[in-house]
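Subject: Structure handover and notes

Hello,

Please find the structure below. My notes on it follow, with each cut-off given where the term comes up.

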Amino acid sequence: MKKFNIRKVLDGLKEVSSSAPSVQVGPQENHLIQETLQSEHFQLCKTVRHGFPYQPSSMAFDPVQKILAIGTQSGALRLFGRPGVECYCQHESGAAVIQLQFLINEGALVSALADDSVHLWNLRQKRPAILHSLKFNRERITFCHLPFQSKWLYIGTERGNIHIVNVESFMLSGYVIMWNKAIELSSKAHPGPVVHISDNPMDEGKLIIGFESGIVVLWDLKSKKADYRYTYDEAIHSVAWHHEGKQFICSHSDGTLTIWNIRGQGKPMQTITPHGKQPKDGKKPEPCKPILKVEYKTTRNGEPFIILSGGLSYDTVGRRPCLTVMHGKSTAVLEMDYPIVDFLTLCETPYPNDFQEPYAVVVLLEKDLVVIDLAQNGYPIFENPYPLTIHESPVTCCEYFADCPVDLIPALYSVGSRQKRQGYSKKEWPISGGNWGQGTQSYPEIIITGHADGTVKFWDASAIMLQVLYKLKTAKIFDRNRSKEDKGSTEASDDDPFAIQIMAWCPESRMLCVAGVSANVIIYRFSKLEVTTEVVQLLEVRMQYELNDIESPDGGGEQTSALPTPGASPQTSGPPSHPSTSSNNSDGGNMPCLKVRSAPLKQSPGYQVDLVVQLVWVSGEPPQPITSLALNSSYGLLVFGNSSGLAVVDYVQKTVVLNLGTVELYGSNDPYQRQPRSPRKTRQPSGGLCDINEGSATCEDRCKSPTSDHRDNSFSRSRSSSVTSIDKEAREAISSFHFCETFARKGDSTLTPCLYVGTSLGTVLVLALTLPPAGEQRQLQPVLISPTGMLARLKGSILRMAFLDSTGSQLPPAYEPWYEPNVSADGEEREKVRKRRPVSVSPSSSQDLSESQYAVVCSEKQAKVISLPSQTCIYKHSITETSFILRADVVQMSQGVCVACFCANGHIMTLSVPGLRPLMDVNYLPLTDMRIARTFCFTNLGQAMYLCSPTEVQRITYSQDTCENLQEMLGELFTPVETPEAPNRGFFKGLFGGGAQSLDREELFGEVTAGRASRSLAQHIPGPGGIEGMKGAASGVVGDLARARIALDERGQKLGELEERTAAMMASADSFSKHAHEMMLKCKDKKWYQF
């Protein structure tokens, strides 16, 4: 092995401590590479949010537009249409959304928040915006109701009063229903907050008001007094009408339902306790849990449906939450996986005075959305087409790949489609509104998520959509029957012993490698054929970090010579001979953390296990968590590292090629003064998702990123500025790897396969690989690895390494193309496929064999570009002084290559290469939590993602091109649809005055009659809808027209005249819309002083 002098290397890498922008060091070579990326190629914006709305609190459905809205406890609003059409908006205040109401078929939505504000959203634009807001000062909002085709919104309050708001102007009417006027002398006490408001389906002039205490009032809006009052001695949770307007049903806190006739005041017609046990002697049934909501839906040809949530008896301990569907004499109790937040019955008609004809129930659970088919026997559920299962098990890590090979998504889809569950409803998904965007971006994108239960999910993320392609369960290869005695690791990882910690994936060869929390690494190959594996191949590896006992039989890292002797790898795939792996030894009976299955394993098409590498206990200590992982399909090598050292595994021959302690990588040139380590008193947890700080690890802490063991939650740690002083107890962990064909030593003239190793103390070390020729010899001859010394030192842990050729293009690692591993025709045909990919750079073509490659190295604090083979640092840039980088990637943009960094202080930055000029720096997130730190990833073409909540993925772009095309790519929520015709009144009803009674609300609630509301009651805030809102208003005229048509129709005007007028008004609305658009284009770029 060639000796190298550390002083010489360091001379070329003189540290420049100032944070001046990219310092150029060494020869003036920047004229060789013309940098194409400029600042104007970058812009940061959010694109889409996928997944289940975190902590949902309310829900609404537009039965004509077929759009579903869900509000959350953090003020978020998620809108869902047909699969692929979804939208995310946020209320600025962040207060919980307590209720949502669509203006049906108008492209608008009213939201009521826990901070007593009401907002009107315009959904006629791709990014919905608030047109108006109203903030109540003196009263708390408890319930809202907006009748179909009305512009007057009823708002009930905690004090028991009802205020009325005009949704067009968002002004309060002077008409108020005071609680004392509503109940008068019927009750001595205050009736409590308003829990329900709705108008009689057959008479808009009559309003039913439910108070929490159990009083219901039928209020006559015209005469401003109560017609009837209905009193029950149990608190009310909800009220629902029968469509004929003669009966209503209430749900109560003791688990009963009461059905009332509107003219029968004394007591209810019927009292039902759906889940109560009926006592024999005619006593009242025992009380049950409250029925939180009830809906009463009628059908033309059959019994009505009564659907309710809650109401189970108190003795059903441990029973899951239920939705109860009562239809005629049958009662179906549908168990749910999570507590029910809300449910809605979907009906064929938007008119409340017609037969409702319910066909489905949407149930919003705390962590899921379920839609039940009411029309099929057994009430099957619909298969949910939205990507709402991201959180099925908590996400522990993610990777994002843009611009994948085109055959990859079809291949994953074809094996994933066999995993589908059976027994779903045969019908189409009922939430089908909106239209897809017309995006032109069509490159394949894949997101991979690793989960706490050991599953790995592959998602198709192309064109701002997201759908699950394939799910791999890695826990299948382990025995689950872990007894109490052999629990190796500490409590924190025992909850999730199979949790995925790091993933390495080669899209071209489809090789997948995952490292788990229990210090295990699994290698998978992709196959389209089913196979039964008799014995899962297992390699057991001992990695130990000791300075003072290199002579001990365990050895510091198994090899003491830097170059292992050919074929003398101490681990074999035979039975382990190490004492620490047997259960009756002096180590105290510690097993490997997980036991691999001994029974034959049937492997379905998709990812199939090829090899399991398991770190075992050494001298009574658990293995350290794996902190870094890489694989190269062309070389057939896998490498992983932790705070003890690194191990290289040849997965073709199933042997360990190299197992070295970190210190031994340096050989005799170790720059650090390390203290010999005394045996530690406390055991370190073996769980890599565990926090190594004191105190118990919470769930958030437990799922930490592999390199964050030594960070606290707030990310405010101080690192000593000098890299060479190191804590006595601190270990130098391996933090990153990079395989490449490059110049292994200074002054080399030929390219050789190399492995670059980055450590947590900022050192980059090089290992040269000698690979046997492809073919039969690759199976037989050993891979040789020789450390060639240190390339560079940076401040902070090394995060990412990449290589550029002499023109500045990124050099991808070598790979072998995918082939079917389970075909019998092995031998020549397969070997043809498995020839190593040629490397594009040949040194002879470059000028006089001057610099042929550039290594780009990024650490937590700085970036450097090193010229090869001279190993001189030509550029360096201090990225951050006060914070540190959490994620860095060298990414390919359409115009060139750049370094993208995400900083712990929330900044997202890009730097040019090789010059390391800052191109973009945006303060994106005010607060970075552990989840974002663990899941943030950049990928090519300006895409990035992270988990913004335990259940949702936020995607962002830093590419100017994507930001400009985003408006086209987004789907439309509002589509022009005809409102269905109103139900016929019928001859006799028209003759004898039956049928629906209409009411001129304008006359009652308008300013002329009712006067103005008190100014101090609520303040009106115009929304930021702006010019977009102007366009919406222009097209909203068409909605007003539809209403005008109905009113004229009822007054018996001739239809012919009406159609002509309507056509004329529509034409004028159209021209108004065009004028508004022209006006907008004119005004768009003008400054305020130019108007």
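Buried means under 20% relative accessible area, exposed means over 50%, and partly exposed lies in between (1.4 Å probe, protein chains only). This is a predicted model, in which local features need pLDDT of at least 70 and side-chain atom pairs count only at pLDDT 80 or more, while totals for chains, interfaces and linings use all residues. Residues are numbered from 1 along each chain as its sequence is written, and side-chain values use heavy atoms, with hydrogens and water left out.

Overall

The chain holds 15 helices and 60 strands; these are DSSP runs numbered from the N terminus (helices H or I, at least four residues; strands E, at least two). Of its 1091 residues, 57% count as buried. Among the contacts in the chain with a separation of 6 or more, 61% are between residues 24 or more positions apart. Contact means heavy atoms within 4.5 Å.

H50 sits in strand 2 (residues 42-51). H50 counts as buried because its relative accessibility is 2%. The side chains of H50 and R955 are joined by a polar contact of 3.1 Å. A polar contact is a pair of N or O atoms within 3.5 Å; within protein, one must be able to donate a hydrogen and the other to accept it, and residues adjacent in sequence count only if both atoms are side-chain atoms. With neighbours within four places in sequence left aside, the contacts of H50 include R78, E86, P387, L466, T951 and R955.

P387 lies in the loop between strand 29 (369-373) and strand 30 (395-402). With a relative accessible area of 6%, P387 is buried. Under the same exclusion of sequence neighbours within four places, P387 is in contact with H50, G51, F52, E86, W459 and L466. P387 and V468 are 81 residues apart in sequence, but their C-alpha atoms are 6.8 Å apart in space.

E295

E295 belongs to strand 23 (residues 291-297). Is E295 buried or exposed? E295 counts as buried, because its relative accessibility is 11%. A polar contact of 2.5 Å joins its side chain to that of T345. Not counting residues up to four places away in sequence, E295 touches A240, F305, I306, I307, F343, L344 and T345.

In helix 3 (residues 408-416), the buried residues are L408, I409, A411, L412, V415 and G416. They cover an arc of only 165° around the axis, so they lie on the same side of helix 3. The arc is that of the directions from the helix axis to the C-beta atoms. Strand 31 (445-451), strand 33 (467-473) and strand 40 (606-615) are among the elements that cover these buried residues.

A nonpolar core is a set of buried Ala, Val, Leu, Ile, Met, Phe, Trp, Tyr and Cys residues joined through side-chain atoms within 4.5 Å. The largest one has 34 residues, of which L412, I446, F458, W505 and Y607 touch the most other members. Helix 3 gives the most to this core, with five residues. Leaving aside neighbours within four places in sequence, L412 is in contact with I446, F458, L469, Y470, F526 and Y607. Another core, of 26 residues, lies apart from it and includes Y672, F737, V757 and L761.

Strand pairing

Two strands pair if DSSP finds at least two bridges between them. Strand 9 (residues 117-122) and strand 10 pair in the antiparallel sense over six bridges, with N122 opposite A129 in strand 10. The two strands form a hairpin with six residues between them. Strand 10 (residues 129-136) also pairs with strand 60 (residues 1018-1022), in the antiparallel sense over five bridges; there, I1021 is the bridge partner of S133. Six of the eight residues of strand 10 are buried.

Elsewhere, four strands form an open sheet in the order 41-42-43-44, with antiparallel pairing. Strand 41 (626-632) and strand 44 (655-661) stand at the edges with a single partner strand each, so one side of each has no neighbour in the sheet. Strand 43 (residues 645-650) and strand 44 run antiparallel and are joined by six bridges, and L646 stands opposite L660 in strand 44.

Regards
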